[in-house]
Amino acid sequence: MAKQWVYIANLMGPPGDANAMNRFEAIEAWQGKESQRTSYAIALSDESLVYRNVLSNPGPDAITPSWTSGWAGGNGTREFVPSTSAPSRTGYLHLTWTSAATGTNVSVIAPGSNNASPGILHSGSIQVRSSKATVMAVTLYFYNSAGDQIGDTIYNRKYRVPANEWTLLEINGYRSPAGTVSVRLGAAASAQGGAAQYATGDTLDVSAAICTPSGRVRPYLSGSWENGYWDGAANASASRGSTIVKLFGEPFGSAPSCAGARAGGYNQDKRLYIPTPADMGPMRRRIAKALRGEDSYHLAWIGHSIVAGQGGTPGVADNVKWLVNRAMQAGKASAGVVYAYNNTTRDARVSYSAGFTAKGSPQGNMQSHVGATTVGQAYTHTSDTPGTVVEIYTYGNSGPMSYSIDGAAPVTITPSGQAAGQLTRITGLADMKHTVVIATLSTTPSYVLGVAVSYSTGFRASNFGYSGCIAEDWQPGGIFYSGYKNVVDFIKPDGVVIQLGANELIHSVGVNSLVANLKNVIPYFQFWGMDVLLIVDPPVESETRTTWESVFRPALYDVADAMGVPMVDFSSHWVNRDLAVRRNLYADQWHPNDAGYFDLHNLVPDVLLP
């Protein structure tokens, strides 16, 4: 088979040109003479398509430059609220009506910068959160050098905005008129179409405005983000950054035969499937920045017994522990939260006296905490990675407890009284491994969810596996200590690895339940800004049974395609269960042993780590 290297010259175009590339890209083409078919593997840079956000202060990141607002006949106050949990990760503009509106034509408009050009398609988006349900749309305004608005105000399709939820509004592909030097973008409600009328005390929040010279809206960018920079003064100029194309070659080869024809690409070496138009680049860049110690990144790996490490040694030889070990070799990293209870062999880093017990069970009442109702019960976390920060995760409706770090004098944890998670965070510790002992101080039920020893910056990964659980156990809502609430409302990681599916087969729950519940929960993680990676379990049935291969694996590829989420296929790595058994990789019918977890351990680190 002939092999030929083809080099594509550097095609630097003007900023915002979707065809611009700012590094050489190499294409290695193999042409099979017999089949006359050609496949390509592209060595991609991590800065391929440059684009601009032509708004100033788009976060908003500061009080000025100021956004403008229309109160629909009422009046109110405006304030900039710094918030890393806002859609922009910098803050949001908070509007409060002090006198009721008389109409519904509310508007909030981000400031522009003199970086726009005439005759170019513009697209954008903005996120809004309203105290009452309403209907809103994105608006575009074009201005000339004199500061006068030119052309019509572009008013895009309307979006229903639920009460008290961040909602993304988009507008795509409107051409700027002749004479355009500046563009402004905002969110607005018209006098028609179901928009709400705001009363005294009602609020509206806006964040993460972006307008790009492109036919389709780009992901939010500002000069305060890791992949962007300000053209001029911070907040007072346009931002420039890059979209990141797939890092592992494009197009990939075909997905495994069980998956059927797919629009996405599959990398056999990494066992990685990337749907169109999903991208691993942003997640990898955020993790790389954390490994350099410039930021923090917390990855939560959720799932069932194989995540928990059943069959191996949880906390010593499980896939999450192996990921942490690899990350520590790559840069600044530590273990994440170690849960108290996983419904299987206890994590090696956790011990507690007999008075601490677990009450829950999978498939309806999953509880990862333990509780005690007598005085003097001890819960001990012995870290195996160093750190300078200790985090103790309890619940506010617990009785009082104390903690001691490395034998120091006990410090009381006073419960908040709320039926919600309560975090006690101790900083400034010596950079070493730590032993944390938590003790009960009363007969009031006292609950411990877990402990973490880590750093204020860097990468960390938490094992949130629970033996026997199914996708339904991770659904949004539920009681405050549910699997979803613990992750989203309490611990709030930056990314989520989801490994579910085997129990839907083993316990005859069914593939339809798996698919429906994954499609329901993934958008919630994405809504809160979390990166999502799916995992296909190792093969859980022998070659004489084909349900996993013929029904469940293809269904997970369907979920990846539908949700636009990358996926690592552990089944592809082991081919089938019988082969893995002959290699002594299983502890029992379903679970890997220590050797099995080690055999799988490089797959996710190879995808996530630099």
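Tutor: On a 1 Å grid over the protein atoms alone, a cavity is a set of points where a 1.4 Å probe fits but cannot get out, and lining residues have an atom within 4 Å of a point. Grid points are joined across faces, edges and corners, and a volume is the space filled by probe spheres set on the points. The model is predicted, so local features need pLDDT of at least 70 and side-chain atom pairs count only at pLDDT 80 or more, while totals for chains, interfaces and linings use all residues. Residues are numbered from 1 along each chain as its sequence is written, and side-chain values use heavy atoms, with hydrogens and water left out.

A search of the whole structure gives one cavity of 30 Å³ or more. The largest cavity holds about 180 Å³ of space. Its lining is made up of 22 residues, and those nearest the centre are Val338, Tyr339, Asp347, Arg349 and Asn463. Two or more lining residues come from each of helix H3 (319–330), strand S21 (333–339) and strand S31 (458–465); helices (H or I, at least four residues) and strands (E, at least two) are DSSP runs, numbered from the N terminus. Strand S21 contributes the most to this lining, with five residues.

By residue class, the lining of the largest cavity has twelve nonpolar, five polar and five charged members. Here Ala, Val, Leu, Ile, Met, Phe, Trp, Tyr, Cys and Pro count as nonpolar, Asp, Glu, Lys and Arg as charged, and the others, Gly among them, as polar.

Note on methods. On a 1 Å grid over the protein atoms alone, a cavity is a set of points where a 1.4 Å probe fits but cannot get out, and a pocket is an open set with protein on both sides within 12 Å along at least five of seven lines; lining residues have an atom within 4 Å of a point.
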